[in-house]
Amino acid sequence: MQTEMPNAERTGVLAPLKKLSVVVPTFNERKNIARLVAAVGDVLGDLPWEMIVVDDDSPDGTYEEVRRLAMGDPRVRCIRRVGRKGLSSAVVEGAMAASAPVIAVMDADFQHDETILRKMYDSLLDEDAELVVATRYSEGGTVGDWNAARAGMSSFATWAGQFLAGHQTSDPMSGFFMLRRSLFDEVVHNLSQEGYKILLDIIASAGRPLRVAEVPYTFRNRLEGESKISPMVIAQYAFLLVEKLSKDMVPARFVLFCLVGGLGLIVHMLALGIWERTGLAFVDAQIAATGVAMLFNFMLNNEFTYRERRLKGSARLKGGVVFGLVCSIGALANLGVAEMALNATDNWVLAGVSGALMGGVFNFAVSDNVVWLRKRRRAKLVEPAVNGAVPA
Ligand code: GDD
Ligand code: MN
């Protein structure tokens, strides 16, 4: 595995070669982190390790605490991310910054039993595995004291995840695992990086059977602070399932976009009903209802479908207008295709569905690129400053 060694003669530093990088995503874990560093150090003993804590600018100042620890212990490093959020993407960022050939991922709240880290590392080598999953579900592992709702939800998620991961592990939802850097590098470009399900994402993205080992453990209760799991995290999991099950053919965002569209249709019919009653001509009522539905769809998509690219202030106003225009063209496309399909098949259901699908795909494809465009960071080439001049 080990290739060229950064040897002491060259660097002049006599440090043992790192064998394991432990990546820990954190959000508001200030009170846990010092104990975690100490506990991990106790377990790993003479195995040279480093810990990379990836903190998303926690309001409780976790990053300050990590920095303080890092001042006194070069094995600890802090990545503070500003303007980005999410467990999975934090893990990816930590793993990319890690330098050892083996990477462990674990939570900071002591729910993951750090005392099995050494055992995980040994099984990776002994069993020549690429991935070691700390499992709550095989013999010897348990989920600890969870209420029925959380246990039920977790079993469903696990069942769906196992299906997706080709039954390669008993605990695809585990946030506690170890893998070879080579595997991480192999899959990193395909990871969706959304939500919590980084392990499942890794297994599903590999697209080939992996050499997996498992180490059972008992999921503990959180030491300090609280869980950050939210309805959004659960929804993101559902989207990951759709995306991976359809082999990336159906983007999760499209499903959400269609759901919003369906709700919009209901709003449209309600609005139409109200306007009809005011004695307005049908065409006028239809136009008014269309406007209401578009506004409704725009707001919902802005709030949920494109949450992380949400438009605010004047950009929202402009986005709403553009969205209205896009949807109007989409409606024309819808009509055109529906009419063609009706002529060809004489089946009004088929015609209606093809029209709606055409409109939906058009609206989605264009909105995705025009209304909620991804923020691209412009790679500005900064000329080196001459004589201390500040580059423009
Ligand atoms: N950087 C970063 N950004 N870290 C985060 C974020 C985030 O947005 N959200 C959560 N974390 C960190 C937490 O600080 C903690 O160290 C770890 O990720 C897990 O978060 P929890 O909020 O404690 O998750 P949980 O206990 O509900 O879920 C755990 O168990 C699940 C299995 O039931 C996680 O390990 C999941 O990955 C696991 O699937
Ligand atoms: Mn937790």
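The stops below begin at the ligand and end at a pair of helices.

This is a predicted model, in which local features need pLDDT of at least 70 and side-chain atom pairs count only at pLDDT 80 or more, while totals for chains, interfaces and linings use all residues. Residues are numbered from 1 along each chain as its sequence is written, chains are lettered from A and ligands numbered from 1 in the order in which they are written, and side-chain values use heavy atoms, with hydrogens and water left out.

Select ligand 1 and the 27 residues around it, of which Glu29, Asp107, Met173, Arg222 and Lys228 come nearest; a residue is near if one of its heavy atoms lies within 4 Å.

Next, show the polar contacts (here, pairs of N or O atoms within 3.5 Å). A backbone N or O atom of Met173 lies 2.5 Å from an oxygen atom of ligand 1, and a polar side-chain atom of Asp109 is 2.9 Å from an oxygen atom of the ligand. Taken alone, ligand 1 exposes 740 Å², and the protein buries 97% of that, with accessible areas coming from the Shrake-Rupley method with a 1.4 Å probe.

Finally, select helix 10 (residues 252-277) and helix 13 (residues 348-370), which pack at an angle of about 120° with their axes 10 Å apart. Helices here are DSSP runs (H or I) of at least four residues, numbered from the N terminus, and axes are lines fitted to C-alpha atoms over the stretch in contact, with angles running from 0 to 180 degrees between N-to-C directions. Helix 10 and helix 13 are therefore oblique to each other, because angles under 35 degrees count as roughly parallel, over 145 as roughly antiparallel, 65 to 115 as roughly perpendicular and the rest as oblique.

Definitions and conventions. Polar contact = N/O pair within 3.5 Å; in protein donor to acceptor, adjacent residues only side chain to side chain. Helix = DSSP H or I, 4+ residues; strand = E, 2+ residues; numbered from the N terminus.
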